[in-house]
Amino acid sequence: MDLPLRVIELDTELTLRRFEGEADLPEYFRVIEESLEHLRPWMSWIADHSRERTAEFLAARPERWESGTDFTYAVVLDGAIVGACGLFRREGTADGAREIGYWLHPGATGRGVASRSVVALVGQAFRLPGVDYVEIVHDLANRASGAVPARLGFTADVRRPAERLAPAESGEEQVWRLTRGQAEERAATGTP
C-alpha cells in the first residue's frame, strides 16, 4: 500500500511529522494543556483529556498509520510541536474519500500554519490509490476552521445536522470538498 510521507518539510520553519509515540508525550501533552480553553468550545475529546488519554492516542498512531486508516502528524513550528493534523477515514466515509482535520495551539494561529498543513495533506491524500476527493468537516459556528478550506479553494459541499458534542457547537456541520481534478488544476496554475 502507498502511504503518505512520514515527514513533510514545508519550509525552514514548518514541518509535519509522524508522531513518535511516547517520545512525544511530554511535549504534546503540554501543548494540549496550554490549548484547553482554545479547544474546549470545538473539540469534544477535551472533556476526557488526561495524560493517560494522550498516551493512548499516541500509542494507537503506528497501527492506524500502517492500516491506512489514519495518518496523524505533529505540526512542528520552529522545532516545537504546536498542534496536530491528520488525514483519515471515519466510519461510513466513502472509499474514494479522506477527511482532513487540524488543531493548533492558540499561539500558532493566524500565521498560515493550518493552511500550509492542509495543502500538504491534500498532496498526501492524492498519493493514495483510489482517493478521488478530500473533505474538511467542521461545526458551522467554528468560523476559524471554516476559513481554511474557503481560502484554499475547497467547495462548500453540504450542510448537515450533527450531534452537539462540544459546548460551542451549533448542531450543524459544514462539509467542504476538493476533488483530485480541482487539486491538479490548482497545482497546474500555481494556486495553493
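Author: Happy to! The lining of the largest pocket splits into 16 nonpolar, 9 polar and 13 charged residues (nonpolar: Ala, Val, Leu, Ile, Met, Phe, Trp, Tyr, Cys, Pro; charged: Asp, Glu, Lys, Arg; polar: the others, Gly among them). The model is predicted, so local features need pLDDT of at least 70 and side-chain atom pairs 80 or more, while totals for chains, interfaces and linings use all residues. Numbering runs from 1 along each chain as its sequence is written, and side-chain values use heavy atoms, without hydrogens and water.

This pocket (an open set of 1 Å grid points that fit a 1.4 Å probe, with protein on both sides within 12 Å along at least five of seven lines; lining residues have an atom within 4 Å of a point) has a volume of about 1,300 Å³ (the space filled by probe spheres on points joined across faces, edges and corners). Of its 38 lining residues, Met43, Ser44, Trp45, Phe88 and Arg90 are the closest to the centre. Two or more lining residues come from each of helices H1 (25–39) and H2 (51–67) and strands S3 (70–77), S4 (80–88), S5 (97–104) and S6 (133–139) (DSSP runs numbered from the N terminus: helices H or I, at least four residues; strands E, at least two). H2 gives the most, with 6 residues.

Now for the second largest pocket, which holds about 400 Å³ of space. Its lining has 20 residues, with His38, Leu104, Thr109, Ala144 and Ser145 nearest the centre. H1, S5, helix H3 (113–125) and helix H4 (143–151) each give two or more residues to that lining, and the largest share, 5 residues, is from H4. By type, the lining of the second largest pocket has 11 nonpolar, 7 polar and 2 charged residues.
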